[in-house]
Amino acid sequence: MYKSEFDKYLRDKKYFSTYMFYGQSTFMIEQYSWIISKIIAKEDDIIKIYFDEYNFKYILNCLQQSSLFASSNVVYLRVDKKIPKKELDLLVEATNKNSSSTLIIACYGDDATFKSMESSLSHKTNSCFVRFFPLKDNEAISYLNNEAKRIGLEYEISAMSHLYFMHKGDLTLCVNDLSKLKVLDEKISSKSVDNYCFGLGAVNFDDFLVNLLSFKDVNSDLDLLLEEGMDSIFIVNQITQFVHQLFMISAYARNFGAPKAIDILGFNPPKDVWETKSRLAININPKKYLKLFEFLLNLELDLKSSKISNTSLFLQANIRKFTALFR
């Protein structure tokens with residue numbers, strides 16, 4: 001099932017004997033594993049088994065027996081390899097037979113590796129799987145808003161989006177910083193985030209995107225991003241996503257007048273960020289957007305399908321070409 005369906009079960013307090021979380025969002029896999037474990041048992045009563053510690057006979061024995069010291073018997077298992085079907089079937093069966101046992105499986109790695117494990121989990125055995133996908137920006141910021149409210153943090157509406165983009169969408173870093181900001185015991189603003197939180201890397205990625213789409217020289221910034229270990233395909237994807245946002249702003253402005261962030265993006269970014277994006281979007285000739293998309297999509301295709309010995313140099317050369325071509 002997907003996150004939305006599973007969230008409904010959580011709201012209705014419907015719990016399962018076995019949970020499997022996998023997909024493309026490590027943060028959500030860890031977060032939901034943590035949520036379920038906290039609901040069912042105390043921290044000290046959870047048996048944690050990580051990766052190479054996997055031992056089928058030991059886990060099966062744990063699940064078949066009831067805990068002597070707690071009302072619930074929880075095994076939290078992290079894996080980066082597929083569990084053989086026969087073994088998984090027996091583990092699921094053990095939790096189903098022993099009402100005091102719960103198995104939580106957090107899967108790390110490629111979706112395809114774990115998708116076949118879905119067949120071992122069903123409502124018939126009171127078990128479920130949840131597949132996560134990367135959150136969209138508005139979904140991630142909404143999650144941060146909810147988390148901030150949960151811990152009682154008072155904040156201005158733009159602060160969470162500012163924190164999110166400062167950390168380049170890394171929710172783990174964002175959530176960690178919420179705890180840090182809570183200690184301040186003050187209403188959190190974008191300025192508070194700037195003063196007490198530290199974004200990733202020496203280059204502000206939002207500034208890099210703005211400068212690139214202003215068709216300025218970004219060679220030195222791109223060098224630093226690549227030196228920090230940022231993936232070439234990720235950079236192209238982020239540029240494409242940014243161009244898509246600019247196109248939506250431009251289209252909205254041409255049809256409805258002054259662009260409204262909440263209507264276009266689904267959330268309100270910091271005022272200065274939105275004003276910069278809006279000016280940039282409107283300044284680009286509408287006919288140019290198609291050519292921008294074609295260039296970026298072809299570049300992504302080349303990076304993914306061509307045998308390129310040095311993707312960093314290839315990207316740098318094409319970004320220079322991009323700037324010269326569309327300036």
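Helices and strands are DSSP runs, numbered from the N terminus.

**Figure 1. Overview of the predicted model.** The structure shown is a predicted model. Its protein chain has 16 helices and five strands. Along the principal axes, the C-alpha atoms fill a box of roughly 70 × 55 × 35 Å. Of the 327 residues in the chain, 46% are buried. When contacts between residues at least 6 apart in sequence are taken, 74% of them join residues at least 24 apart. A search of the whole structure gives nine salt bridges.

**Figure 2. Packing of helix 12 against helix 16.** Two packed helices are described by the angle between their axes and the distance between the axes. Here the axes of helix 12 (residues 232-256) and helix 16 (residues 311-326) cross at roughly 30° and come within 9 Å. Helix 12 is therefore roughly parallel to helix 16, because angles under 35 degrees count as roughly parallel. From helix 12, the residues Ser-232, Ile-235, Val-236 and Ile-239 take part in the contact, and they meet Thr-311, Ser-312, Leu-315 and Ile-319 of helix 16. Sorted by class, this contact of helix 12 with helix 16 contains five nonpolar residues, three polar residues and no charged residues.

**Figure 3. End of helix 11 and its distance to Ser-312.** Glu-227 belongs to helix 11 (residues 219-227). With a relative accessible area of 64%, Glu-227 is exposed. Glu-227 and Ser-312 are 85 residues apart along the chain, and their C-alpha atoms are separated by 9.3 Å.

**Figure 4. Salt bridge between Lys-97 and Glu-93 in helix 4.** Side chains of opposite charge can pair when their charged atoms come close. In the salt bridge of Lys-97 with Glu-93, the closest N and O atoms are 2.7 Å apart. Both residues are in helix 4 (residues 85-97), and because they are four residues apart they are separated by about one helical turn. Lys-97 is exposed at 65% relative accessibility, whereas Glu-93 has a relative accessible area of 35% and is partly exposed.

**Figure 5. Salt bridge between Asp-177 and Lys-180 in helix 8.** The closest N and O atoms of this salt bridge between Asp-177 and Lys-180 are 3.1 Å apart. The two residues lie three residues apart in helix 8 (residues 171-182), about one turn of the helix. Asp-177 has 6% relative accessibility and counts as buried. Lys-180, at 38% relative accessibility, counts as partly exposed.

Figure 6. The side chains of Lys-304 and Glu-300 form a salt bridge with an N to O distance of 2.7 Å. Lys-304 is exposed, its relative accessible area being 53%. Glu-300 is buried, its relative accessible area being 14%.

Figure 7. Ser-158 sits in the loop that runs between helix 6 (137-150) and helix 7 (159-166). Its relative accessibility is 16%, so Ser-158 counts as buried; the cut-off for buried is under 20%. The side chains of Ser-158 and Ser-190 make a polar contact at 3.3 Å. Beyond its neighbours within four places in sequence, Ser-158 is in contact with Ser-190, Asn-268 and Pro-270.

**Figure 8. Asn-73 in strand 3.** Strand 3 (residues 73-79) includes Asn-73. The relative accessible area of Asn-73 is 6%, and the residue is buried. Asn-73 lies 40 residues from Ser-33 in sequence, and the C-alpha to C-alpha distance between them is 15 Å.

Figure 9. Lys-13 is not a glycine, and its phi is positive, near 60°. Lys-13 is placed in the loop between helix 1 (3-11) and strand 1 (18-23), and is exposed with a relative accessible area of 63%. Phe-215, also a residue that is not a glycine, has a positive phi of about 60°. Phe-215 is found in the loop between helix 10 (205-213) and helix 11. At 10% relative accessibility, Phe-215 is buried, whereas Lys-13 is exposed.

Definitions and conventions: Residues are numbered from 1 along each chain as its sequence is written. This is a predicted model: local features need pLDDT of at least 70, side-chain atom pairs count only at pLDDT 80 or more; totals for chains, interfaces and linings use all residues. Side-chain values use heavy atoms; hydrogens and water are left out. Buried means under 20% relative accessible area, exposed over 50%, partly exposed in between (1.4 Å probe, protein chains only). A polar contact is a pair of N or O atoms within 3.5 Å; within protein, one must be able to donate a hydrogen and the other to accept it, and residues adjacent in sequence count only if both atoms are side-chain atoms. Contact means heavy atoms within 4.5 Å. Axes are lines fitted to C-alpha atoms, for helices over the stretch in contact, and angles run from 0 to 180 degrees between N-to-C directions. Angles under 35 degrees count as roughly parallel, over 145 as roughly antiparallel, 65 to 115 as roughly perpendicular and the rest as oblique. Ala, Val, Leu, Ile, Met, Phe, Trp, Tyr, Cys and Pro count as nonpolar, Asp, Glu, Lys and Arg as charged, and the others, Gly among them, as polar. A salt bridge is a side-chain nitrogen of Lys or Arg within 4 Å of a carboxyl oxygen of Asp or Glu.
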